[in-house]
Amino acid sequence: MGSEEDWVVEHINDAFGFRTALKAVGGVRMIDSAQQLAVFENPTFGRVMILDGAYQITTADEFVYHEMMAHVPLFAHGAARDVLVIGGGDGGVAREILRHDTVRSLTMVEIDRAVVDLALEIFPEVSAGAFDDPRLALVIDDGAAFAARAEGRYDVIIVDAPDPIGAGAALFTPAFYAGCRAMLRPGGVMVTQSGMPFLAADWLPGHAANLRSVFADVAFFLTTVPTYTGGPMAHGFSTDDAALKAVPVEVLAERHARTGLRMRYWSPQVHSAAFALPPYVEAVVG
Ligand code: SAM
């Protein structure tokens with residue numbers, strides 16, 4: 001199709017990348033001195049936002065990542081009232097959390113107000129009104145600084161961060177995880193965006209070790225997001241209660257039935273099976 005300028009290429013590493021046809025270009029913007037944001041349409045993935053050359057979100061498949069980031073910890077916990085999200089400025093994970101009527105407060109700590117504003121302008125359907133929900137408190141701050149102050153107590157913490165580069169690197173340190181653990185109530189759980197085991201074998205082992213240096217029980221679950229190429233992506237599941245990663249499917253099903261929520265990716269069976277790791281992933285996360 002057409003010439004090269006009709007395609008966007010994401011370079012995953014020096015030897016691997018993938019390209020997507022451009023159908024309509026939303027233009028390229030500098031959202032601040034460090035980050036360059038591009039927005040375009042594609043027949044397969046809908047509206048696509050890439051930041052510094054890396055896919056951040058597409059309207060066609062964002063439900064996969066956001067459902068698993070929100071519903072795995074919430075249904076594993078079973079009675080979460082107060083939730084903290086670090087990052088997640090597009091509002092997708094907030095949207096899924098706030099579908100649970102039992103959640104009474106959601107604190108979102110996002111470093112870049114511009115991400116929230118642009119997501120509201122470009123992908124309002126992703127946050128779907130979450131930022132107007134009276135239960136949501138938006139804090140514009142570095143999540144690492146917030147964790148250092150250990151403000152508040154939460155039943156679930158979700159670290160919806162980029163990979164450990166730039167401002168995101170501060171969300172992968174033992175000090176950050178210690179601050180998060182200090183904010184968790186007994187029986188609480190923290191879930192993290194933990195990269196692609198097939199491609200992130202360079203930093204994932206250190207990330208897993210950092211989590212294990214703070215939490216008594218660290219597991220990982222997997223999600224297959226179409227635009228996150230390189231195989232399934234991993235999510236860290238950190239807690240001091242080892243039982244939380246193995247809630248029986250029947251119990252998950254009862255909890256889900258009480259909510260009446262209709263899902264497109266998460267289910268009690270998918271939740272339970274997601275914790276089964278292929279040997280190559282176990283070798284990376286330890
Ligand atoms: N929901 C996205 C998706 O579907 O892939 C993933 C979240 S996006 C990649 C990462 C978010 O974390 C961005 O909104 C970014 O501004 C924010 N962020 C990065 N570093 C941060 C920090 N140190 N503290 C708080 N937020 C941060």
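1. Before anything else, a cut-off: a residue is called buried under 20% relative accessible area and exposed over 50%, with partly exposed in between. Ala150 comes out at 22% relative accessibility, so Ala150 counts as partly exposed. Keep in mind throughout that this is a predicted model.

2. Staying with Ala150, have a look at its backbone. Phi is positive there, about 50 degrees, although Ala150 is not a glycine. The residue sits in the loop between α5 (143-149) and β10 (154-160).

3. Ala128 is worth checking alongside it. Phi of Ala128 is near 45 degrees, again a positive value in a residue other than glycine. Ala128 belongs to the loop between α4 (124-127) and β9 (136-140). Its relative accessible area is 51%, and because exposed means over 50%, Ala128 is classed as exposed.

4. Now the ligand. Which residues are closest to it? Gln56, Asp90, Glu110, Gly143 and Tyr228 are, out of 22 residues that surround the ligand. By class, the shell divides into nine nonpolar, seven polar and six charged residues.

5. On the nitrogen side, a ligand nitrogen atom is 3.1 Å from an N or O atom in the side chain of Asp142, and a ligand nitrogen atom is 3.0 Å from an N or O atom in the side chain of Asp160. On the oxygen side, a ligand oxygen atom lies 2.3 Å from an N or O atom of the Tyr228 side chain. As for cover, the ligand has 600 Å² of accessible area on its own, and the protein covers 94% of that. Two elements give two or more residues to the shell, namely α1 (62-77) and β8 (105-110).

6. Last stop, Thr239. Is this residue buried or exposed? Its relative accessibility is 1%, so Thr239 counts as buried. You'll find Thr239 in strand β13, which covers residues 233-239. A polar atom of the Thr239 side chain lies 3.0 Å from the backbone nitrogen of Asp241. Leaving aside residues up to four places away in sequence, Thr239 touches Gly188, Val189, Phe215, Ala216, Asp217 and Leu244.

Terms used. Residues are numbered from 1 along each chain as its sequence is written. This is a predicted model: local features need pLDDT of at least 70, side-chain atom pairs count only at pLDDT 80 or more; totals for chains, interfaces and linings use all residues. Side-chain values use heavy atoms; hydrogens and water are left out. Helices (H or I, at least four residues) and strands (E, at least two) are DSSP runs, numbered from the N terminus. Buried means under 20% relative accessible area, exposed over 50%, partly exposed in between (1.4 Å probe, protein chains only). A polar contact is a pair of N or O atoms within 3.5 Å; within protein, one must be able to donate a hydrogen and the other to accept it, and residues adjacent in sequence count only if both atoms are side-chain atoms. Contact means heavy atoms within 4.5 Å. A residue is near a molecule or strand if one of its heavy atoms lies within 4 Å of it. Accessible areas come from the Shrake-Rupley method with a 1.4 Å probe; for residues, only the protein chains shown count as cover. Ala, Val, Leu, Ile, Met, Phe, Trp, Tyr, Cys and Pro count as nonpolar, Asp, Glu, Lys and Arg as charged, and the others, Gly among them, as polar.
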